[in-house]
Amino acid sequence: MTDRRDDGTTDYYFVSDLHIGGDEQLQQCDFEEEFTEFLRGLEGRDDAELIVLGDLFGLWEFTEVEGLAKFDRLVENHPWLFEQLRETGEDVRITVIPGNHDYELACYPEYVERLREYNVELEQEVHVTREVAGRTIWIEHGMQHDPNNRMPDFGNPHANPVGYFVVRRIVAQAGRLSGRSRYNWPRDIQSVAPMEEIPRWVLSNYFYREMSPYLRFVVAPLLLLFNLTALYLVGAVLEAVGVLPTRIFEPSLLARDLGVAGVFLELLVAVNAVLLVVLAVVSVPLLLFDRDVRKTVRRFGLLTTGLQVGQGDEPFLAAARRVFAEHPDAAAFVYGHTHRASLLRWDDRVVVNTGTWLKRLIRVPARLGRLPSVYRPSFRLNYFRIAEADGDVVVEYERIEKEPTERLSWLQRLVAKRAPAEEPIPERTVLPGRPVASEQRHGDHRGEYREG
């Protein structure tokens, strides 16, 4: 752990999870212009420090080169960014700590010298601390609280977690294949979270982007009328057994009242009805087979891997509680890793998640029928600033506006619901510059804090 105190620095800026670099299409950086401008805006601030708390680079995503050749590839692909790091670093102290995707930064001392060439100081630590207004700011990437990405032996280049092999096999492969797709969408795989969403995301992109337009023209009406068909079948059965005294579900009435459109609708409903019956018949043995396979695999202990995907923020909040219990002077626990920017206030303390600069894909269900969900793209480019003001600890949140360049297709725009509203983050949070007395703090040393 590195603890820097009394060095004259008063303002600390925090960002994380930029994931710059990777094989082929992953080398594209959608926000390079915005991040370069952000660095340029810090120039001349000799009283400030920029701390990148992990995953500045996507070193795991490189599979075609190894070792320091990855760094050379980064510089080659992003020369303007590295030059801006050099220029900004002449005034502002720029500190980087490793995350899981750039874990190699923690393993090789050569990276310290290479980054120093661009006025970037690499601290090969799991976490670091800084002091503001007499209180401690605890800073880490957060991967050690994620079972899939925890480093079992931090600093050992050969001790990699499960997430490393997932990235090498799936994410890097998506970068290599993305250029073959329409609209270059596979390279956005890192924007899909949690991992369970990937199959749905692939299905969505296949249907709306890769599927033959002629096949989509045939399939889309069937899926749109899927719910209507189910309602029609239920109504027809209820009429047939006498529960409903009506005759509105008789096929002949559709043709009589709607003409050619009624005949076409009747045909679609009939096809869907046949598909529903087939699916119902096939699903029964498949369900029994699935249950038996799961039972057998569980008996052999093959499902007890301890993997937890999409676990939410609770492991990281539990880590914050432990840090606050062990360090009564701590004012903030700052982490990243989950790509979900947030700020929680617990009495005289805050838990800050720095989010990500990657594109964010929000899954929204289709309004009609059984069409695949749509993944709406957006950006939440943000940074936090922690500084002292009038003896207090002030946490400020800033967001850089950016609109995605790609647009949804007309069919996606037609069927997709609106994306849910983002959780607001206060622009300014003020904490006292000295710890509240222990007898006044709720749940001290028990990890129980009131969320403000």
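Reader: Okay, Phe38 and Trp357: buried or exposed?

Author: Both Phe38 and Trp357 are buried. Bear in mind this is a predicted model.

Reader: And how are those two rings arranged, Phe38 against Trp357?

Author: They make a tilted aromatic pair, with 6.0 Å centre to centre and 50° between the planes.

Reader: Where in the chain do the two partners come from?

Author: From distant parts: Phe38 is in helix H1 (residues 32–42), while Trp357 is in the loop between strand S10 (349–353) and strand S11 (360–364). That puts them 319 residues apart.

Reader: How many aromatic pairs turn up in the whole structure?

Author: The search finds 22.

Reader: Switching to Phe207 and Tyr208, what's the geometry there?

Author: Phe207 and Tyr208 pair edge-to-face, 5.0 Å centre to centre with 90° between the planes.

Reader: Why does Tyr208 count as buried?

Author: Because its relative accessibility is 5%, and the cut-off for buried is under 20%. Phe207 is buried too, with a relative accessible area of 3%.

Reader: New topic, charges over rings. What does Arg209 lie over?

Author: Arg209 lies over the face of Tyr183, 5.0 Å from the ring centre.

Reader: And which ring does Lys402 sit over?

Author: That would be Phe379: the charged end of Lys402 is 5.3 Å from the centre of that ring.

Conventions:
Residues numbered from 1 in each chain as written. Predicted model: local features only at pLDDT ≥ 70, side-chain atom pairs only at ≥ 80, totals over all residues. Heavy atoms only, no water. Phe/Tyr/Trp six-rings, centres within 6.5 Å; stacked < 30°, edge-to-face > 60°. Helix = DSSP H or I, 4+ residues; strand = E, 2+ residues; numbered from the N terminus. Buried < 20%, exposed > 50% of the residue type's maximum accessible area, 1.4 Å probe, protein only. Lys NZ or Arg CZ within 6 Å of the ring centre and 35° of its normal.
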